[in-house]
Amino acid sequence: MPELTGDPKQHDPASFKDGLKGSCLCGSIQVTILEPDLFAKPKGHLCHCANCRKVAGSYVASNMLLDADKVKIEDRDGTLKVYEDKATGSGNSVFRSFCGKDGNPVKSETQLYPGKVIMKMGMFPRIPKPEAEGFGLHKHDWQANHEGIPIYEVKWAGPEKKEMKS
């Protein structure tokens, strides 16, 4: 059996001083997050909206909103593709980037967050504790809550955010 590498505890956050590095499954797309204090406090969010769940292939997506200039993406084999998702709750397109060879989601961009990218965190060996959960109204009733992480009815950022009551 090959060596298993998916245990995040094998990756000390202190080892990411030069950036948190991740890749798609085939290795064509390499991503580095250049944020020195990435693990200093909770950062990123879990999203339960239908579109993020579909992209993640799971019941929840782990995302992180970052300044675009703090993310370096290398596309060694030219496999980075973009899908324009027009079926969004806001009515604004979300441009979803993924590897065209292995299907790995990489990032999303929307005009709602100019100068920002929403990174798909499943491609990284370790991620910070999320700071929030969005689209809490769309969680399955069997999903547990994460201690200390606020859950918002729909949006977790912006003026229209509304925290769910326990």
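I looked up the largest cavity and got a volume of about 40 Å³. The model is predicted, so I treat that value as computed from predicted coordinates. I searched the whole structure and found one cavity of 30 Å³ or more.

Next entry: the lining. Which residues line the largest cavity? I listed Lys 43, Gly 44 and His 45, then Ser 62, Asn 63 and Met 64. Met 121, Ile 127, Pro 128 and Pro 130 complete the list.

I counted five nonpolar, four polar and one charged residues.

Next entry: cysteines. How many disulfides does the structure hold? I found zero. I wanted to know why, and took the sulfur distances one by one.

I began with Cys 24. Its closest cysteine sulfur is in Cys 26, at 3.7 Å, which is too far for a bond. The cut-off I applied is 2.5 Å between the sulfur atoms. I checked burial too: Cys 24 is buried, at 3% relative accessible area.

I repeated this for Cys 99. The closest cysteine sulfur is again in Cys 26. The distance is 3.8 Å, so Cys 99 is too far from Cys 26 for a bond. Is Cys 99 buried or exposed? I noted Cys 99 as buried, with a relative accessible area of 1%.

Notes. Residues numbered from 1 in each chain as written. Predicted model: local features only at pLDDT ≥ 70, side-chain atom pairs only at ≥ 80, totals over all residues. Heavy atoms only, no water. 1 Å grid on protein atoms, 1.4 Å probe; cavity = no way out; pocket = protein on both sides within 12 Å on 5 of 7 lines; lining within 4 Å. Points joined across faces, edges and corners; volume = space filled by probe spheres on them. Nonpolar A, V, L, I, M, F, W, Y, C, P; charged D, E, K, R; others polar. Buried < 20%, exposed > 50% of the residue type's maximum accessible area, 1.4 Å probe, protein only.
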